[in-house]
Amino acid sequence: MTKRSLDLSLDEAAIRTWACDVELALADQDEDLMLGARHEFYPLLATLAKDAACPRADECLAIMDFNLMFRVLREFPDAEAEVEKTIGYLLDSDRSLVAAFIHVNRLRLDLLRGGSVASEARALELGTAALNGISRQAEISVADAGPDWVVELSVPPLHLHKEWLTIDKATGGYTFRR
């Protein structure tokens, strides 16, 4: 299927037009990267994500999820505030995928805020939220590395792409690497 390209500046009208037409592309570049980096559009993306009748509701949610994932993993200074704001935009939704998004991002906030991660189950829960979110479905495993938990994301079928989240058991501090 060849998509038609929307030749407009990126604004609310262009995003609404794109969200209602799955055969329309915003630009030649990746839409998720283009929209995900523009947090001023998150209130609109959230409104569209809450609307089950919107053809791209799940895509709008995934765009925000993927961007927030990497803000948290790379420990951007504004990550906590951006996650909190984005959750706030979505709280009045009854869509199950939105509820899953909120749950995952509350776990990401827990990771950002630190604190003891005493159990393997908690490390797995935090690691899955941080590395997969609602946007990815890669395999996640946890290894006990003495003072740390090492959470590994591995993408099937060949498992060539891997990512690691190392979480300090005592402090909850973490590092991310690819």
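1. The peptide bond leading from Pro156 into Pro157 is cis, and its omega is near 10°. Helix and strand labels come from DSSP runs, numbered from the N terminus, with helices being H or I runs of at least four residues and strands being E runs of at least two.

2. Some ground rules before going on. This is a predicted model, where local features need pLDDT of at least 70 and side-chain atom pairs count only at pLDDT 80 or more, while totals for chains, interfaces and linings use all residues. Residues are numbered from 1 along each chain as its sequence is written, and side-chain values use heavy atoms, with hydrogens and water left out.

3. His159 counts as partly exposed because its relative accessibility is 27%; buried would be under 20% relative accessible area and exposed over 50%, with partly exposed in between (1.4 Å probe, protein chains only).

4. Glu75 is another non-glycine residue with a positive phi, here about 55°. You will find Glu75 in the loop between helix H4 (57-73) and helix H5 (79-90). With a relative accessible area of 43%, Glu75 is partly exposed.

5. Now the overall layout. The protein chain has seven helices and six strands. Read from the N terminus, the elements run β-α-β-α-α-α-α-α-α-β-β-β-β. Of the 178 residues in the protein chain, 44% are buried.

6. On contacts and surface: take the contacts in the protein chain between residues at least 6 apart in sequence, and 48% of them join residues at least 24 apart. Contact here means heavy atoms within 4.5 Å. The protein chain exposes about 8900 Å², and carbon and sulfur atoms supply 53% of that. Those areas come from the Shrake-Rupley method with a 1.4 Å probe; for residues, only the protein chains shown count as cover.

7. How do helix H6 (residues 96-113) and helix H7 (residues 120-131) pack? Their axes are 8 Å apart and the angle is about 115°, which makes H6 roughly perpendicular to H7. H6 passes H7 in a left-handed crossing. The H6 side of the contact is His103, Val104, Leu107, Arg108, Asp110 and Leu111, and the H7 side is Arg122, Glu125, Leu126, Ala129 and Ala130. By class, the residues of this H6 and H7 contact come out as six nonpolar, one polar and four charged.

8. The terms in that point need spelling out. Axes are lines fitted to C-alpha atoms, for helices over the stretch in contact, and angles run from 0 to 180 degrees between N-to-C directions. Angles under 35 degrees count as roughly parallel, over 145 as roughly antiparallel, 65 to 115 as roughly perpendicular, and the rest as oblique. A crossing is left-handed if the near helix is turned anticlockwise from the far one by less than a right angle, and right-handed if clockwise. For the classes, Ala, Val, Leu, Ile, Met, Phe, Trp, Tyr, Cys and Pro count as nonpolar, Asp, Glu, Lys and Arg as charged, and the others, Gly among them, as polar.

9. Leaving aside residues up to four places away in sequence, Glu125 touches His103 and Leu107. The C-alpha atoms of Glu125 and Arg108 are separated by 9.9 Å, and the two residues are 17 apart along the chain. Glu125 counts as partly exposed, at 32% relative accessibility.

10. Helix H3 (residues 42-50) packs against H4 at an angle of about 135°, with axes 7 Å apart, so the two helices are oblique to each other. The crossing of H3 past H4 is left-handed. From H3 come Tyr42, Leu45, Ala46, Leu48 and Ala49; from H4 come Ala57, Cys60, Leu61, Ile63, Met64, Asn67 and Leu68. The residues of this contact of H3 with H4 divide into eleven nonpolar, one polar and no charged.

11. Lastly, the axes of helix H1 (residues 12-19) and H3 come within 11 Å and cross at roughly 25°, so H1 and H3 are roughly parallel. H1 passes H3 in a right-handed crossing. Glu12, Ile15, Arg16 and Ala19 of H1 meet Leu44, Leu45 and Leu48 of H3. That contact of H1 with H3 has five nonpolar, no polar and two charged residues.
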